[in-house]
Amino acid sequence: METEELLINMGPVHPSTHGVLRFKLRMDGEIIKECTIVLGYLHRGTEKLAEMKTYLQFIPYTDRLDYVSAMPSNYAYVKAVEELADIEVPLRAEYIRVLVMELNRIVNHLVAIGSLLMDLGASTMMMWGFREREKALQLFEMLCGARMTFSYMRIGGVREDLPDGFIPKLKEFIEDMEKRIADYEQLINNNEIFLMRMKGIATISAEEAINYGMTGPTLRGSGVNYDIRRLEPYSIYPDLDFKVCVRSEGDSYARYIVRIDEMRESLHILRQLIDNMPESSIIATQKYGIIPMTGAPYTAQTYFPRIFTPPAGEVYSRIEAPKGELGFYIVSDGTTKPYRIKIRSPSFCNLAAIPQLVRGLKIPDLIAAFGSIDVVLGDVDR
Amino acid sequence: MDPVTIDTTKISTIKKKPQTALEKLEDTGLIHTVLSAKDRKGLILLTTVDQIFNWARLSSLWPVTSGLACCAIEMMGVAMAHHDIARFGMEIFRASPRQADLMFVAGTVTKRMAPRVKQLYEMMPEPKWVISVGSCSNTGGPYHESYSVLKGVDLIIPVDVYIPGCPPRPEAWLYGVIQLREKIKNEGYGAKWGINK
């Protein structure tokens, strides 16, 4: 039946748009004929601000890009600067970095799955996910005093060593989490309503997903074995044993399953890190041409020079953040401040596929598809 | 019609021994909605009505769901089981501003978002309150130098309570909520309409 076309604005204030995103929907009855994404409601000018800040001062801003998983954002930036200035990071620092990043991956996926289920109308998973998230946040708090915006990484290492009692508490968390993931699967995986909302909905083929530049769990859900931890190994990932979780269906359900599997893999990585944690310094002690302060205690602040000038040049460095490929492109002109920083954020590229995904579906399916992509608006608008 | 006011300076400030049942109740300090005439800032006639109204208002504040940025994730954290904002009767986050009477401005207000935030505030029915959460919506915070960020949400809408932090811890958040409750408790009739504050 032909009906009159209707233009619907969804957002920028809408509980299911995970922030301030706006969809402009051209509807034919209940069917979405065209979906346009309107961006920029959270554009904070991070890239421009980077040009006003020194290299060290920019670290807190990377926290606020993807605020659900701040540690990988931290790491992507310091890794780029380290590559630029050719700084060698001690082994223990790398272990701690990978540890916090994998912990943050679990937190990110908990929030992603929790809010996905919340959007579908099931609030239990949200409650459960945030319960475990709170435990992980307490670990982060022990480590650096912050719950969400850590600023924990430093150029050449990390800010502080693991505190006493951290490892036992982490072990407790891992053991607990193992059981909880089984609980989640029991609650969600075979739920008929959930399957009807997710299976076969918003399917994207591997080729299309690559063309859209999707990365992370969203791409792996389409059957592409693409994980930068494997393909372009960084930090200590070559020494670690983990498998890349891939599903071939390419629908919303596959993307959800990939996240659940990845949480298990992260726990597996965490166990290996605890067992092999080496003893060494946590910050690079090499000199960057300027002699550090002497006689002061052995911390990140002492060994990082007050005036840090990396050589002129440019670098692009990327990591596998929980949401996908996160890259920093830094152009240095040899002064204390970067000449230009460009951030390749996973959420932005994954979001670009939404109009294609939801064409011909209904509005509730748009919400399910959007939730399964897992977008954070701070990362999109920057 | 304006309510009748009484000059509070003429009321004796010496504390008397509690006589009536209400005074005794007040003296215990347990019932926090019962306030003395002095605290009511001059409004005597409608005290009891005010107490009931204020008690009802502060006991079930319904916030509007308007997360803007990082603080919105902490807002979810506050609402969930561990910190449990339901203790204050606030767990019902309304998706429509028409049904809400409290607005958490949680996150960076960009210049593009500012008109929408203002519209959202204007769509809420009276009486309404605003809590500005986080450095960004208080003053612009870390993005103060940015070309696209509003330097404080109080430039566009009135704010009742400011909570500092980037983002504030849930404990700080709940403290801010308690401060707002204190504020509502002491409001006289029509305070929100600008008469007889």
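In this predicted model, the largest nonpolar core holds 150 residues, and the members that touch the most other members are Tyr67(A), Tyr77(A), Leu170(A), Tyr256(A), Phe328(A) and Ile354(A). Helix α4 of chain A, residues 91–119, gives the most to this core, with 14 residues.

**Nonpolar cores**

- Leu170(A), one of the residues of the largest core that touch the most other members, is in contact with Leu99(A), Leu103(A), Leu139(A), Leu270(A) and Ile274(A), once its neighbours within four places in sequence are left aside.
- As general background, nonpolar side chains tend to be buried together in soluble globular proteins.

**The interface between chain B and chain A**

- The size of an interface is often given as the accessible area lost when the parts come together.
- Between chain B and chain A the buried area is about 3,000 Å², and carbon and sulfur atoms give 65% of that area.
- The polar side of this interface comprises 14 residue pairs in polar contact, counted where both residues have pLDDT 80 or more, and the count of salt bridges between chain B and chain A is 3.

**A salt bridge across the two chains**

- Glu145(B) and Lys53(A) form a salt bridge, with their closest N and O atoms 2.6 Å apart.
- This pair joins two chains, because Glu145(B) lies in the loop between α5 (134–139) and β4 (161–163) of chain B, whereas Lys53(A) lies in the loop between α1 (46–50) and α2 (59–63) of chain A.
- The two partners fall into separate accessibility classes: Glu145(B) is partly exposed, with a relative accessible area of 45%, while Lys53(A) counts as buried at 12% relative accessibility.

**Salt bridges within chain A**

- The side chains of Arg229(A) and Glu102(A) meet in a salt bridge with an N to O distance of 3.3 Å.
- Arg229(A) lies in helix α10 (residues 228–231) of chain A and Glu102(A) in helix α4 of chain A, so this pair ties together parts that are 127 residues apart in sequence.
- Arg229(A) is buried, with a relative accessible area of 5%, and Glu102(A) is also buried, with a relative accessible area of 0%.
- In helix α6 of chain A, Arg180(A) and Asp183(A) are 3 residues apart, about one turn of the helix, and their side chains meet in a salt bridge at 3.9 Å, N to O.
- Asp183(A) counts as partly exposed, at 28% relative accessibility.
- Salt bridges that share partners join Glu102(A), Arg105(A), Arg220(A), Asp227(A), Arg229(A), Glu262(A) and Glu320(A) into one network.

**Two further buried positions in chain A**

- Asp176(A), which lies in helix α6 (residues 166–188) of chain A, has a relative accessible area of 18% and is buried, because the cut-off for that class is under 20%.
- With its neighbours within four places in sequence left aside, Asp176(A) is in contact with Glu132(A) and Lys135(A).
- Pro90(A) is placed in the loop between α3 (70–85) and α4 of chain A, and it counts as buried at 15% relative accessibility.
- Leaving aside its neighbours within four places in sequence, Pro90(A) is in contact with Gly156(A) and with a run of residues comprising Ser280(A), Ser281(A), Ile282(A), Ile283(A) and Ala284(A).
- The C-alpha atoms of Pro90(A) and Glu208(A) are separated by 41 Å, the two residues being 118 residues apart along the chain.

Conventions:
Residues numbered from 1 in each chain as written. Chains lettered and ligands numbered in written order. Predicted model: local features only at pLDDT ≥ 70, side-chain atom pairs only at ≥ 80, totals over all residues. Heavy atoms only, no water. Core = buried A, V, L, I, M, F, W, Y, C linked by side-chain atoms within 4.5 Å. Buried < 20%, exposed > 50% of the residue type's maximum accessible area, 1.4 Å probe, protein only. Helix = DSSP H or I, 4+ residues; strand = E, 2+ residues; numbered from the N terminus. Contact = heavy atoms within 4.5 Å. Buried area = accessible area lost by both parts, 1.4 Å probe. Salt bridge = Lys/Arg side-chain N within 4 Å of Asp/Glu carboxyl O. Polar contact = N/O pair within 3.5 Å; in protein donor to acceptor, adjacent residues only side chain to side chain.
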